[in-house]
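The exercises below are meant to be worked with the sequence and the coordinates open side by side. Try each task before reading the solution that follows it.

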Amino acid sequence: MKSSMSEHIMAVSIILALLCVAAAVYVNDLTWVFTSIFGLCFLLVPHHFTKDWESSYCGKIMMPLPFVLAAFVILAFTLGNRFSMFADLWPISIVLQAWAMMIYSYMTIIYINNHLTTDMSRRWMLVYSMLIACTLAGLYAYYIFLFMYCEGYPVFNDPDHSNFIYNWYLMEQMTITLFFSIFYTLYLKFHLKNVPRRVLLSYTGGNSNE
Amino acid sequence: MNDIKVQNIVCIIASLILLGMTIISAVTSSGRLTYEIVTGLFCALFCLVPILLRRLKLITLPTAFIIMAEIAVFLHAYGVLLMRYDFVPMWDTVTHTISSAVVAMIVFYGVQYIEMHDSEMHATPKMIHVYIFLITMTFSVIWEVFEIFSDAAFGIHMQYSPFDTIRDFTCDAAGAAIVILFSHFSLKKHDIAETVNAMHIHPMFERYVSRHSGKKIDDHSEDNKN
């Protein structure tokens, strides 16, 4: 993919990630706020190291990101509360978030390979992207638990109530992220199949060395 | 006393104590094959697995790992046989943390093995700590998902409440943290090759890892590109 295309995708992604923060606050879902801030940090990594606003990751990695972020922003602002935590359309929000987290995690792995004297094969890059996405989903459970506790859900052992539905509220994000991250990993494996590792790891465009 | 002798003594003593406790439980329950007795027998046999693996020349497990695994198995069986899970507060929390530490140790040694045999893999000690945390927490997620699916499919109660799940996660994170601390000192004291060579892992595993090493895949891709 041409560098100019990557730069456009990068610029659009940064704007959409900022809009995601606003949309997440609007639907009261702080997991999206954290995901967007986490993603923004890694979206700005190429600029930080090349000192060039036109530098970007390989376009093939970035390509799905604007669609995912745009889908969340549009759906969150149009459907509002139906997209908030535990609402009927929350699973769609989680699916989109898992996709975004996989791409952000892949960027994290590129950062690790480029700047932390660590090398991984492409196979391990994909595996670790999935691990980061699943670990983040696991850590979000703390926020969801706190949210449930503050909202008065029965979060402690209670012999008078069946807790399955409340357990599922806590587990929904992890479960969906786990299954969809496997699917996304397979997609990325085939999507990036013919891209050499060197290209995957380089920052394209601007004054960078590609 | 060398490491092998220490390993044998730990495994055999743990196995004999559990076997003794299981026999006492069987006698007091009039010989019925209860869940407690099956668990006790299984754990007593499981304590001998490290010796079996060494005898089969598959792997010589590190002493630190064996001690941790034996403690985990022993405490679980002891808790089941003597009802410690029901009557001792936090028993579940302690066993869960130690079990997570065992999983994290498997990750620690596994990552070192891959680091040594995968030509495309190179990790600093700090990154090995990150890998331990990520893999252990992902195992934790997989386990909790397995629990909720079991609850839904079979109508059982593996997950009691959201608090129970969060406590399990915290135990898993604590187990990973313990092993990260252990790995910090271990990697300072021993280099990766020394640790991996001491395990005498069967060559078939080495062949498997080398065959799936990233180098060949990337060389192939570069060839296609050119």
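**Exercise 1: the fold of chain B**

Read along the sequence, chain B of this predicted model runs α-α-α-α-α-α-α-α-α-α-α. Determine how many helices and strands chain B has, and describe its extent, its burial and the sequence range of its contacts.

*Solution.* Begin with the secondary structure, where counting gives 11 helices and zero strands in chain B. Then turn to burial: of the 226 residues in chain B, 33% are buried. Finally, consider the contacts in chain B between residues at least 6 apart in sequence, of which 75% join residues at least 24 apart.

**Exercise 2: a helix pair in chain B**

At what angle do helix H4 (residues 63–81) and helix H6 (residues 91–117) of chain B pack, and how far apart are their axes? Classify the arrangement and examine the residues that form the contact.

*Solution.* Two packed helices are described by the angle between their axes and the distance between those axes. For H4(B) and H6(B) the angle is about 150 degrees and the axes are 9 Å apart. An angle over 145 degrees counts as roughly antiparallel, and H4(B) and H6(B) are therefore roughly antiparallel to each other. As to handedness, H4(B) passes H6(B) in a left-handed crossing. On the H4(B) side the contact includes Phe65(B), Met68(B), Leu75(B) and His76(B), while the H6(B) side includes Trp91(B), Ile98(B), Met105(B) and Tyr109(B). Sorted by class, the residues of this contact comprise 13 nonpolar, four polar and no charged.

**Exercise 3: where chain A touches chain B**

How many residues of each chain take part in the contact between chain A and chain B, and which helix of chain A gives the most?

*Solution.* Counting residues in contact gives 38 in chain A and 36 in chain B. On the chain A side, helix H7 (122–151) and helix H8 (164–191) each supply at least two residues, and H7(A) gives the most, with 14 residues. By class, the side of chain A that touches chain B has 23 nonpolar, 10 polar and five charged residues.

**Exercise 4: confidence in chain A**

What is the mean pLDDT of chain A, and where does pLDDT stay under 50?

*Solution.* The mean is 88, and 94% of the residues of chain A reach 70 or more. Over residues 206–210 of chain A, however, pLDDT stays under 50, and the model has 13 contacts beyond four places in sequence for this stretch. Where pLDDT is low, the predicted coordinates should not be read in detail.

Methods
Residues are numbered from 1 along each chain as its sequence is written. Chains are lettered from A and ligands numbered from 1 in the order in which they are written. This is a predicted model: local features need pLDDT of at least 70, side-chain atom pairs count only at pLDDT 80 or more; totals for chains, interfaces and linings use all residues. Helices (H or I, at least four residues) and strands (E, at least two) are DSSP runs, numbered from the N terminus. A residue is buried if 20 or more other C-beta atoms lie within 10 Å of its own, exposed if 12 or fewer, and partly exposed in between; C-beta atoms are placed from the backbone. Two residues are in contact if their C-beta atoms, placed from the backbone, lie within 7 Å. Ala, Val, Leu, Ile, Met, Phe, Trp, Tyr, Cys and Pro count as nonpolar, Asp, Glu, Lys and Arg as charged, and the others, Gly among them, as polar. Axes are lines fitted to C-alpha atoms, for helices over the stretch in contact, and angles run from 0 to 180 degrees between N-to-C directions. Angles under 35 degrees count as roughly parallel, over 145 as roughly antiparallel, 65 to 115 as roughly perpendicular and the rest as oblique. A crossing is left-handed if the near helix is turned anticlockwise from the far one by less than a right angle, and right-handed if clockwise. pLDDT is the predictor's confidence in each residue, from 0 to 100.
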